[in-house]
Amino acid sequence: MKKLTLNLIALALLAGNAAAFDLSGLNASDIRAPQADFRAPAAPQHQAEDDLIGMDLNIRIPFATVKKGVEQVAASERRLTIIDRNAPVAFKYGEFLRVSNIKIDQGGIIVIPTLTLKPYFVATDKFAIRVQRIQLHASMEPSVKAAPMPAINEEEIMVQVMDVLIKGTYSAVNDMLKKKQIPMKAEDVIKLRYDKAAWTLHAQVSSRIMGQFIPAGFMGELHLTGFSFNDKGLVLTIQTPN
């Protein structure tokens, strides 16, 4: 059941991204005047990029924020549980990330994985998370103990688990967008794709959500241009085009 939790980190990145921009306490309605639209008119079609304000940010997402993102997934996908609410879910482990403290119910088979992950930047607005190693404990609920332990095809079970986690991610993000009155769908903000042959989750993020908070024609489009981590958390580099 190799990487059933790496999607959790991907979702946590997205949730952390919003937290990093302090979107958690901001609704779309908060930036509009009562009688008028706060946003500036749309940028002229041929407006030069040099005319727009640029931005170059390094954003650190603490591992505590990553955990909150996992909690959001768990709230949307009941088969996922954080075992100890007071313990961390993700932390730096040498040159990798370690994920633990998570339990997943797969039809009565309880899976408790400890994953060693390698997140890496792929290209502009794209990153991936690959599992390097897994330690796995699996057991059966009392209600199904009378039945023999089924044969487990790890690859196929991981496909199913990843599907559950990706759907949980989208559900959690959609809940956030709805709560903040942002007329977008989760897939407009982040797209997730699981490659079962490579045991890798691929993610592509979009800056479209920032259009809900930044007036048109004011700043160039923001893009993810770097992704790493340190002892304290994940580090995102966000920039406008040069």
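This is a predicted model: local features need pLDDT of at least 70, side-chain atom pairs count only at pLDDT 80 or more; totals for chains, interfaces and linings use all residues.

Reader: How many helices and strands does the chain have, and what makes a run count as one?

Author: There are four helices and 11 strands. Each is a DSSP run numbered from the N terminus: a helix is H or I with at least four residues, and a strand is E with at least two. Helix H2, for instance, covers residues 63-76 and has 14 residues, so it passes the helix cut-off of at least four.

Reader: How do you know what span to expect of H2?

Author: The expected span is 1.5 Å times one less than the number of residues. For H2 that gives 20 Å, and the helix reaches 20 Å from its first C-alpha to its last, close to the expectation.

Reader: Why is Asn101 called buried?

Author: Buried means under 20% relative accessible area, exposed means over 50%, and partly exposed is in between (1.4 Å probe, protein chains only). Asn101 has 11% relative accessibility, so it counts as buried. Its place is the loop between strand E4 (96-99) and strand E5 (102-106).

Reader: What does Asn101 touch, and what makes that a contact?

Author: Contact means heavy atoms within 4.5 Å. Leaving aside neighbours within four places in sequence, Asn101 is in contact with Thr81, Ile82, Ile83, Asp84, Ala87, Pro88 and Val89. A polar atom of the Asn101 side chain also lies 2.8 Å from the backbone nitrogen of Asp84.

Reader: Which residues get the other two accessibility labels, and why?

Author: Gly107, in the loop between E5 and E6, has 71% relative accessibility and therefore counts as exposed. Pro62, in strand E1 (residues 56-62), has 29% and so counts as partly exposed. Pro62 also touches Lys232 and Gly233, not counting residues up to four places away in sequence.

Reader: What makes the pair Glu71 and Arg85 a salt bridge?

Author: The rule asks for a side-chain nitrogen of Lys or Arg within 4 Å of a carboxyl oxygen of Asp or Glu. In this pair the closest N and O atoms are 3.6 Å apart, and the pair forms a salt bridge. Glu71 lies in helix H2 and Arg85 in the loop between strand E2 (80-82) and strand E3 (90-93), so the pair ties together parts that are 14 residues apart in sequence. By this rule the count comes to one salt bridge. Glu71, at 27% relative accessibility, counts as partly exposed, and so does Arg85, at 49%.

Reader: What makes a set of residues a nonpolar core, and which members touch the most others in the largest one?

Author: A nonpolar core is a set of buried Ala, Val, Leu, Ile, Met, Phe, Trp, Tyr and Cys residues joined through side-chain atoms within 4.5 Å. The largest one has 49 residues, of which Ile209 and Leu234 touch the most other members. Helix H3 (residues 154-179) gives the most to this core, with six residues. Across the chain, buried residues make up 44% of the 242 residues.

Methods: Residues are numbered from 1 along each chain as its sequence is written. Side-chain values use heavy atoms; hydrogens and water are left out. A polar contact is a pair of N or O atoms within 3.5 Å; within protein, one must be able to donate a hydrogen and the other to accept it, and residues adjacent in sequence count only if both atoms are side-chain atoms.
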